[in-house]
Amino acid sequence: MSGWELTLKQQPDFDLDAAAISSVATDAGDISKISLPSARPDLTAEIGELFHVKRRDDELVHISGDLTRFHRLGHAWSGGSLVVEGSVGVQFAAQMRAGTITLRGDADDGVATQMRGGDLFIQGNIGDFAAGPLPGRRSGMRGGRLRLIGNAGHHTGHRLRRGWIMIRGSVGDCLASDMVAGTIAVSANLGDNVGAGMKRGTLVLSPAASLSSLRFTPPRPVSLGITQLIADELQSHLPDVAAMLRNRLHRSLGDLTAGGMGEILLAH
Amino acid sequence: MTLEIAGVPIDDTFAEAFDMKATRLVITAHTIQWALDAAIAFTGFATSVIACGIEMGIEQELPPSETPDGRPGVAVLAFAVSGKELEKQIPRRAGQCILTCPTTALFAGIDGEKRIALGKTLRYFGDGYQISKQIAERRYWRIPVMDGEFLCEADTGRVDAVGGGNFLLLGRSLDAVTAACRAATKAIAPMAAVITPFPGGATRSGSKVGSKYGGLVASTNEAYCPTLHGVVKQFIAPEVEAILEIVIDGMTPNAISLAMRNGIHAACTAVGAAGLVGITAGNYGGKLGRHHFHLHEVLQ
């Protein structure tokens, strides 16, 4: 692994596909020549034109600046650590596979799209369709962990297939829509239509949720062995939700209109 | 060289033990009694691989702080001659003895590259209502049952281990050898990584390989049957009235060694020379098992 310090010189006046930046983690050579394409073939930029590039003594890749025009940053990240200081464009950490990514800033839509593994930690707010599938694909996030300190937009966890999403903030409408499996925990407020189309998987909701009686079974008290293990997993990021899980719980199952058997765990 | 403990002579011989495959499981429940009930059923009819296919025993009780789900639990060790036999025995027994026991959950108790299915097999009892949950690289299955859910880890590790460590208590009387035996098994019981799979930790039916009857793989070891004194060739003194054998399976040779040492010390000091004529060990001339536990070395 190679360590790099990339400091943005100034924000470009066009949007860039920054997926290629992920390759610097394994590139010990001259990364300043790596080209970042844009939507227009005549507009590309090399890393060296955009950033002050400096080698680091450690194996961390550290990128800073206003990166809102840099999309797909952290794409398919496969190992090592990436730290980003500043807000980023769409599909941040999409198809991430392994390693750790930390973002200190906000992210646009499509965070962790089809993420497959690794640990993604975001201190900021994120847009819609986090952890969802790429357009036209059936499954969203399939593994790994997304921890968020901040708020998430609509359709968070859409078609989530596996993995964990922990949100220390509020979420928009349609949380876990069409969720297939995996676990999502939320500690602040919820939008409408929670779990619409949910097939399987677990939602752990600390805030009061108003669930459609058509879609979900009436909440009933349960005592489940798995909740202790889920609480242990959530303890460091969502201690309030973990505490809720260690007490008596209610559970609803659904979405019944979709033939689903997903579970929503709620405070008693 | 003569070696005595509390006046009891220790034979200069060795116990012959064998390579085995083993696993460790953790059973938890709402109360320790339910966990023990499940563990006792699970480890029943598992005294010897000769006819049970597996040797099992309760390793230790676990406080809630040491179990995955924070409930009281029991750790169980299981040994078999092959990984295939473990894979056959464990899910079958878990399905009948742990899944059925109220409030229990079942977890892997050891890591290992080779795996033995637990929930991976038992999940089908859920008939489509089972739920999978992956937490920290471990997969669990949740099977709806009448008291809630049976939580079961998908699989457990399988490791190489050792079975058949042993020592024989040569008693002057049934009372004395019983007391010595109980002292030995009591000393071994709290030890980690070992079990004594026979009833009460001991067996009276020490066996030799083969039989005069075709098809029998093991038969009574007449050389250690006091009632046949004078009839067959024996190596035991005439004053020996009863013999009990402690058999020990362990996760490592060192664990067996330590258990033999503690057990022999406890037996000798419990009844002394007035109760025991001596201590010896069972072997097959060193030709069958590659682990040789020499009593004098173990007791050093």
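## How the helices and chains meet

Helix 4 of chain B and helix 5 of chain B are roughly antiparallel to each other, because their axes cross at roughly 155°, and angles over 145 degrees count as roughly antiparallel, under 35 as roughly parallel, 65 to 115 as roughly perpendicular and the rest as oblique. The axes are lines fitted to C-alpha atoms, for helices over the stretch in contact, and the angles run from 0 to 180 degrees between N-to-C directions. Helices (H or I, at least four residues) and strands (E, at least two) are DSSP runs, numbered from the N terminus.

Before going on, a word about the model: it is predicted, local features need pLDDT of at least 70, side-chain atom pairs count only at pLDDT 80 or more, and totals for chains, interfaces and linings use all residues. Residues are numbered from 1 along each chain as its sequence is written, while chains are lettered from A and ligands numbered from 1 in the order in which they are written.

Now follow helix 5 of chain B, residues 253-275, by itself. This helix bends by about 60° at B:Thr269, the bend being the angle between axes fitted to the seven residues ending there and the seven starting there. Its buried residues include B:Ile256, B:Met260, B:Ile264 and B:Val271; a residue is buried if 20 or more other C-beta atoms lie within 10 Å of its own, exposed if 12 or fewer, and partly exposed in between.

A second pair of helices is worth a look. Helix 1 (residues 32-42) and helix 2 (residues 83-98) of chain B have axes that come within 9 Å and cross at roughly 140°, so the two helices are oblique to each other. Helix 1 passes helix 2 in a right-handed crossing. B:Ala38, B:Ala41 and B:Phe42 of helix 1 meet B:Arg93, B:Ala94, B:Cys97 and B:Ile98 of helix 2, and these residues divide into 6 nonpolar, no polar and 1 charged.

How do the two chains touch? Chain B gives 14 residues to the contact and chain A gives 11. On the chain B side, strand 8 (131-135), strand 9 (138-145) and strand 10 (148-153) each give two or more residues, and strand 8 has the largest share, with 4 residues.

Finally, compare two serines of chain A. A:Ser22 sits in the loop between strand 2 (16-17) and strand 3 (35-36), and this serine is buried, with 25 other C-beta atoms within 10 Å. A:Ser35 lies in strand 3 and is exposed, with 12 other C-beta atoms within 10 Å. Leaving aside residues up to four places away in sequence, A:Ser35 touches A:Thr44 and A:Glu46.

Methods:
A crossing is left-handed if the near helix is turned anticlockwise from the far one by less than a right angle, and right-handed if clockwise. Two residues are in contact if their C-beta atoms, placed from the backbone, lie within 7 Å. Ala, Val, Leu, Ile, Met, Phe, Trp, Tyr, Cys and Pro count as nonpolar, Asp, Glu, Lys and Arg as charged, and the others, Gly among them, as polar.
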